[in-house]
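Trainee: Could you walk me through this one? I'd like to know what stands behind each label.

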Amino acid sequence: MKRGQSNQTIVAVTVSGRLFKAQVLARSLSISSKNLSAVAIRIGQQAAGLAVLASFYDELANSTIQLANKIGELTGSIADLAVEEWKLALLHQHLEKVLALEHNENTAYIQEKHEYYEAERNSKLSIFNRLMSQLELMLSDMRRQMQSISVIAVNSKIEATQAADKKELLFNMAEDIEKTTDSIITHIKASQNCLETYYSEARI
Amino acid sequence: MKSHKLYTQGSHQWVVFGRDESKPDKIIDTNQYLVVNQDKAMLLDPGGIELFSPMLASVVKHVSLEQIEHLFASHQDPDIISSLGLWDQVLDHATLHSPWVWEGFIRHFGMQNIQYNALPDEGAEIALGSLKLRFVPAHYLHSSGNFNVYDPVAKVLFSGDLGAALEAVDAPLFVEDFASHADKMKYFHQRWMPSNKAKLDWISRVKELDVDFMAPQHGRIFKREAFLEFLEWFEKLDVGIAVS
Ligand SMILES: [Fe+2]
Ligand SMILES: [Fe+2]
């Protein structure tokens, strides 16, 4: 595989692996938020603020799961495209050699094929670029969502300290949510870095 | 890549391609063959992916791509058919004839356009223009599903890895002195061919054929006399030596 195409495949599979882990974490985040919400409701009026925050986490966690799902499909298509493009690049390179070696009435057909596959490859490349920018947007959406969860988690910890009952439990639950959120953010950042490295290498 | 016309009679031709000086040193030198009859052409053991460009450039010196309607792969080895994924993109209506046992394996080289004709163990016959070509069983020599191709008009037996010798790219095209050539074939046949039973079975089958040229996928081509000497030598040779 030529360096360019293998890099494309590597970006796609790296992001896909990271996002898979993020998705697993987002699921546990959704469960933690449901637990927090249940405890807060049981406590009643004193923890009403927390219950509202918890339902908010749950909503964000679910939309993160969906987003991670979509990114998974997207990275799958990107990896497939990278391989197809690699095959076309290989063919293109071989046909170029044939044309350099031989020129007669029979090679006109090879010339035709050569041009056809070149066009095909360019169209694949433009789809690839479009999918990559979609991926970039989705990753920043996801990061924004996670950052809002992180902010709310800090507020939840403060709310927890003000509850009369089960202070410690509530605090720990909120802290757990905060930690999970941070791990998800780490995976998203790593995916974004991977994209950045790919683009900076592609420019060289 | 060099090409040489082995047989020409009207529109009926056998062309051998090989002795490729541009090939990387560490890959084994191979002979590829083109059979033409009327306006139809067939490539026998089209070769590895590394040889695709010089091979295609040489082939179009003789026929146009539209004429190539058949490919043949004697067995599944990469030196035989790893170029398939590239041929698949440049041939619009072609069929690959190959042992049924290898279909699921050979498809890994990439086949979107080319059809697979799975050859049954007992062999088969196909028409190329007005010519009838025969796929002669040569199983376990060395591959467990393996065929030779026999042309009864040109009297050419394409023998795949049988009769193969590992030689320099500047080696002559024909066997001149059998005794000295045998040294170059001995280890290959003993180590790569697994079965004495299969060997004897094949010898008895091809003894019946009228052969002017035995054309292997590696090394030199055997004319009638050398072919008979080869059968005699091979019959006595103990094969499958990696296990005692
Ligand atoms: Fe072989
Ligand atoms: Fe071989």
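**Interface and iron sites**

Mentor: Chain B and chain A bury about 1,500 Å² between them, and carbon and sulfur atoms give 64% of that. Buried area here is the accessible area (1.4 Å probe) that two parts lose on being put together, summed over both. On the chain B side, B:S53, B:V60 and B:Q89 lose the most area to chain A, together 32% of what that side buries. Keep in mind that this is a predicted model, where local features need pLDDT of at least 70, side-chain atom pairs count only at pLDDT 80 or more, and totals for chains, interfaces and linings use all residues. Residues are numbered from 1 along each chain as its sequence is written, chains are lettered from A and ligands numbered from 1 in the order in which they are written, and side-chain values use heavy atoms, with hydrogens and water left out.

Trainee: What makes A:K113 and B:D92 a salt bridge?

Mentor: Their side chains meet at 2.8 Å, N to O. The label asks for a side-chain nitrogen of Lys or Arg within 4 Å of a carboxyl oxygen of Asp or Glu, so the pair qualifies. The count between chain B and chain A is 2 salt bridges.

Trainee: Which atoms hold the iron ion (ligand 2)?

Mentor: B:D79 (OD), B:D161 (OD), B:Q217 (OE1) and B:H218 (NE2), at 2.2 to 2.3 Å. Donors are N, O and S atoms within 2.8 Å of the metal (3.2 Å for Na, K and Ca), so these four count; water is not among the atoms, so sites may look incomplete.

Trainee: Why is the arrangement around the iron ion (ligand 2) called irregular?

Mentor: Its 4 donor atoms subtend angles of 79 to 168°. Tetrahedral needs all angles between 85 and 135 degrees; square planar (four donors) or octahedral (six) needs opposite donors over 155 degrees apart and all others between 65 and 115; anything else is irregular.

Trainee: What bridges the two iron ions?

Mentor: B:D161 does, with the ions 3.4 Å apart. The iron ion (ligand 1) also has B:H75 (NE2), B:D77 (OD) and B:H142 (NE2) among its donors.
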